[in-house]
Amino acid sequence: MAKWFNASDARYRKLMHTRRWRELRKKKLRATVWCEDCLAVGRHEIATEVHHLTPILSTDHPAMMEKLAYDYSNLRALCHRCHC
C-alpha cells in the first residue's frame, strides 16, 4: 500500500506543480467559497485549501494517481484549520 500523504514524494510534487492542478484548485475554490467541513457543523470559514478525498498516494499506479489528482469530484474545499 502506498503512503497516504508525503509532500516530499516526487510523483506527488510533479502532479501538484502543474498548471492543470492550479486551474482545478482555483475552480474549486471559486465554486465552493466556504469550508465544507465547517459548514457541516454550522460554522462559516473561508475555504483556502483543496483536499483530495481519496489521497493521490493511495495508489502506486501513475494513471490512477493522475486520475485522483485531477478528478473534481475527489476534491473538498477546506479552511486551513480543517485541512491540518
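Tutor: The mean positions of the 16 positive and 9 negative charges of the chain are 4 Å apart. Here Lys and Arg count as positive and Asp and Glu as negative, with His and the chain ends not counted; each charge is placed at NZ of Lys, CZ of Arg, CG of Asp or CD of Glu. The model is a predicted one, in which local features need pLDDT of at least 70 and side-chain atom pairs count only at pLDDT 80 or more, while totals for chains, interfaces and linings use all residues. Residues are numbered from 1 along each chain as its sequence is written, and side-chain values use heavy atoms, with hydrogens and water left out.

Student: Which pattern does the chain follow when read along the sequence?

Tutor: Helices (H or I, at least four residues) and strands (E, at least two) are DSSP runs, numbered from the N terminus. The chain has five helices and two strands. Read along the sequence, their pattern is α-α-α-β-α-β-α.

Student: Why does the chain count as being as compact as a globular protein of that length?

Tutor: The radius of gyration is taken over C-alpha atoms, and the globule rule is 2.2 Å times the number of residues to the power 0.38. For 84 residues this rule gives 12 Å, and the chain is as compact as a globular protein of that length because its radius of gyration is close to that value, at 13 Å.

Student: What percentage of the residues of the chain count as buried?

Tutor: Buried means under 20% relative accessible area, exposed over 50%, and partly exposed in between (1.4 Å probe, protein chains only). By that criterion, the share of the 84 residues that count as buried is 35%.

Student: With which residues is Met16 in contact, leaving aside its neighbours within four places in sequence?

Tutor: Contact means heavy atoms within 4.5 Å. With those neighbours left aside, the partners of Met16 are Trp21, His52, Ile56 and Ala69.

Student: What covers the buried residues of H4?

Tutor: The buried residues in H4 are Met65, Leu68, Ala69 and Tyr70. Their cover includes H1, H2, S1 and S2.

**Individual residues**

Student: Is Lys28 buried or exposed?

Tutor: Lys28 lies in helix H2. Not counting residues up to four places away in sequence, Lys28 touches Glu36, Val50, Tyr72, Leu75, Arg76 and Ala77. Because its relative accessibility is 7%, Lys28 counts as buried.

Student: Which residues does Thr32 touch, not counting residues up to four places away in sequence?

Tutor: Thr32 lies in the loop between H2 and helix H3 (36-40). Its relative accessibility is 17%, so Thr32 counts as buried. With residues up to four places away not counted, Thr32 touches Ala47, Tyr72 and Ala77.

Student: How many Å apart in space are Ser58 and Leu24, C-alpha to C-alpha?

Tutor: Ser58 is found in the loop between strand S1 (49-52) and H4, and counts as buried at 17% relative accessibility. Ser58 and Leu24 are 34 residues apart in sequence, and their C-alpha separation in space is 20 Å.

Student: Which residues does Leu39 touch, not counting residues up to four places away in sequence?

Tutor: Leu39 lies in helix H3. Its relative accessible area is 39%, so Leu39 is partly exposed. Not counting residues up to four places away, Leu39 touches Trp34 and His44.

Student: How many Å apart in space are Asp37 and His80, C-alpha to C-alpha?

Tutor: Asp37 also has its place in helix H3 and is partly exposed, with a relative accessible area of 31%. Asp37 touches Arg76, Leu78 and Cys82, not counting residues up to four places away in sequence. Asp37 and His80 are 43 residues apart in sequence, and from C-alpha to C-alpha they are separated in space by 11 Å.
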